[in-house]
Each structure stands twice: as C-alpha cells, then as structure tokens.
Amino acid sequence: MTSPSTPSAAWRPGMPGGSTLPSGPAGRVDAPSGDGHGPALGPATVTIGTYPDYPSAQRLVDFMADNRFPVEHTAIVGTNLTLVETVLGRMTTGRAALLGAGTGAWFGLFIGLLFGIFTVGNWLAVILAGLVIGAIWGAVFGAIAHAMSGGRRDFTSASSLRAAQYAVTVDAQVADQARQLLGRLHVPTGTTG
C-alpha cells in the first residue's frame, strides 16, 4: 500500500534527508553543481589579452598555434555584442520576383539533375526544364510573398553581430605557458591579464 504524498514529504535541499534527490522521469538526477544554478561551465579560464578587433585576437591564437601551444585550451570571446543590420536596398515586387527566380532556379536545377540521372533520353533537356520551371515558380512565389507583406518591410538587409572587444582566454592550467609565449610576441596586446 502506498502512502499519500504530503508537502512535508517533498524533497528540500539543506534539510535532513535532503542530500538525495528524488528520481525524475528519466531516472535518477544528479545534484546541481557549483552554485546550484546549472551545470558547471568547464575549466577555469584566464584572460591573457583583449583586442579591439577580431583579426588581432586571431593573430595571437595563430601565433600560439605556430609555437606549438595547445590551442584546444584557448577561446576567443567577443564581449559587448551589438546587432548591426545593414540596409542593402529597397525591395520592390520586381526585385522580390527576381530574387525568388534565382532561388527557384537553384532548386529547379537540383530537381532537374536528380531526374536527369534516371532519364534514358535527353537528360540535358530535363535539367534545363527543371531550371526554367523552378525559376518561374520561384518568381511567382517571391512576388506573391512580397505583395502579401503589405509594405511592412520594403527593404533588404544583412545582419551581423559585432563585439566591442575580443578577449583571448586560456584554461588556467596552461595560463603560465601562454603568458610566456605572449611575452615573445612583439605586437601590442591591449590589456593583458
């Protein structure tokens, strides 16, 4: 016979008998690690330099790799991220149809090649037909999709993430080796830690 569960019988950390967790739907769960807010983030890291741009940080890691440093213990961390959306131009129904035609042509080419492999006769005609049909349907769907947007987004753009600075970090166990190697590099390193 099972006894009814009561709120006092629930698992509570820090209480007597609270050192064991109840089993979850997937079986036994482990206690949270570290501060109790989730899994540990990995080994402790040390920042060996910060740079204003990515190529400078990349140059340091490349120098370390060239000097046989175990770069698998290295990371480039971008901080203070900013999303930049660069507007490329105005989007019209004609331009939407043209972009759709290009996408449709690639898809039609793929389908035409797939059917062309199994064609006994003129396989080139099958590939060209797939390309043309794909371009036509792509243009139709591109124009319809733009017209249905109701003018809410009449521009094309490209998004990118940019960081204010890039920090090169290494695992704590190889930090001294990294600092020694950094001392041999004659390029300004920004702030070293």
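These legends go with close-up views of a predicted model.

**View 1**
From the N terminus on, their order is β-α-β-α-α-β-α. Of the 193 residues in the chain, 25% are buried. The accessible surface comes to about 13,600 Å². Carbon and sulfur atoms account for 64% of that surface. How much of the contact count comes from residues 24 or more positions apart? Among contacts with a separation of 6 or more, the share is 77%.

**View 2. The largest nonpolar core has 19 residues.**
Six members touch the most other members: Ile-48, Leu-60, Met-64, Phe-69, Val-168 and Val-170. Which elements give two or more residues to this core? They are β1 (45–51), α1 (54–66), β3 (155–171) and α4 (175–184). Helix α1 provides the largest share, five residues.

**View 3. Val-168 and its contacts.**
Val-168 is among the core residues that touch the most other members. Residues up to four places away in sequence are not counted here. Val-168 touches Val-46, Thr-47, Ile-48, Gly-49 and Tyr-51, among others. Its contacts also include Ala-57, Leu-60 and Val-61. Thr-74 and Ala-75 are on the list too.

**View 4. Thr-169 and Thr-74 touch each other.**
Thr-169 is found in strand β3. Is Thr-169 buried or exposed? Its relative accessibility is 9%, so Thr-169 counts as buried. Neighbours within four places in sequence are left aside in its contact list. Thr-169 is then in contact with Thr-45, Val-46 and Thr-47, and also with His-73, Thr-74, Ala-75 and Val-77.
Thr-74 is found in strand β2 (residues 74–90). Thr-74 is buried as well, with a relative accessible area of 18%. Besides Thr-169, Thr-74 touches Val-61, Met-64, Phe-69, Val-168 and Val-170, not counting residues up to four places away in sequence. Among these, Met-64, Phe-69, Val-168 and Val-170 belong to the largest nonpolar core.

**View 5. Helix α4 has buried residues on one face.**
Which residues of α4 are buried? They are Ala-175, Ala-178, Leu-181 and Leu-182. Seen down the axis of α4, these residues fall within an arc of 125°, so they line one face of the helix. An α-helix has 3.6 residues a turn, so residues three or four places apart point the same way. What covers the buried residues of α4 includes β1, α1 and β3. On the other side of the helix, Asp-176, Gln-180 and Gly-183 are exposed.

**View 6. Asp-176 and Arg-179 form a salt bridge.**
The count for the structure comes to one salt bridge. Side chains of opposite charge can pair when their charged atoms come close. How far apart are the closest N and O atoms of Asp-176 and Arg-179? They are 3.5 Å apart. Both residues lie in helix α4. They are three residues apart, about one turn of the helix. Asp-176 counts as exposed, at 55% relative accessibility. Arg-179 counts as partly exposed, at 36%.

**View 7. Tyr-54 and Tyr-166 form an aromatic pair.**
A search of the whole structure finds two aromatic pairs. This view shows one of them, Tyr-54 with Tyr-166. A pair of aromatic rings is described by the distance of the centres and the angle of the planes. For Tyr-54 and Tyr-166, the centres are 5.6 Å apart and the planes make an angle of 70°. The pair is edge-to-face. Why does the pair tie together parts that are 112 residues apart in sequence? Tyr-54 lies in helix α1, whereas Tyr-166 lies in strand β3. Tyr-54 is partly exposed, with a relative accessible area of 38%. Tyr-166 is buried, with a relative accessible area of 16%.

**View 8. Trp-106 is exposed in helix α2.**
Helix α2 covers residues 93–117 and holds Trp-106. Trp-106 has a relative accessible area of 67%. That value is over 50%, so Trp-106 counts as exposed. How far apart in space are Trp-106 and Gly-134? Their C-alpha atoms are 7.4 Å apart. In sequence, Trp-106 and Gly-134 are 28 residues apart.

Technical notes
Residues numbered from 1 in each chain as written. Predicted model: local features only at pLDDT ≥ 70, side-chain atom pairs only at ≥ 80, totals over all residues. Heavy atoms only, no water. Core = buried A, V, L, I, M, F, W, Y, C linked by side-chain atoms within 4.5 Å. Buried < 20%, exposed > 50% of the residue type's maximum accessible area, 1.4 Å probe, protein only. Helix = DSSP H or I, 4+ residues; strand = E, 2+ residues; numbered from the N terminus. Contact = heavy atoms within 4.5 Å. Arc of directions from axis to C-beta. Areas by Shrake-Rupley, 256 points an atom, 1.4 Å probe, with all protein chains shown as cover. Phe/Tyr/Trp six-rings, centres within 6.5 Å; stacked < 30°, edge-to-face > 60°. Salt bridge = Lys/Arg side-chain N within 4 Å of Asp/Glu carboxyl O.
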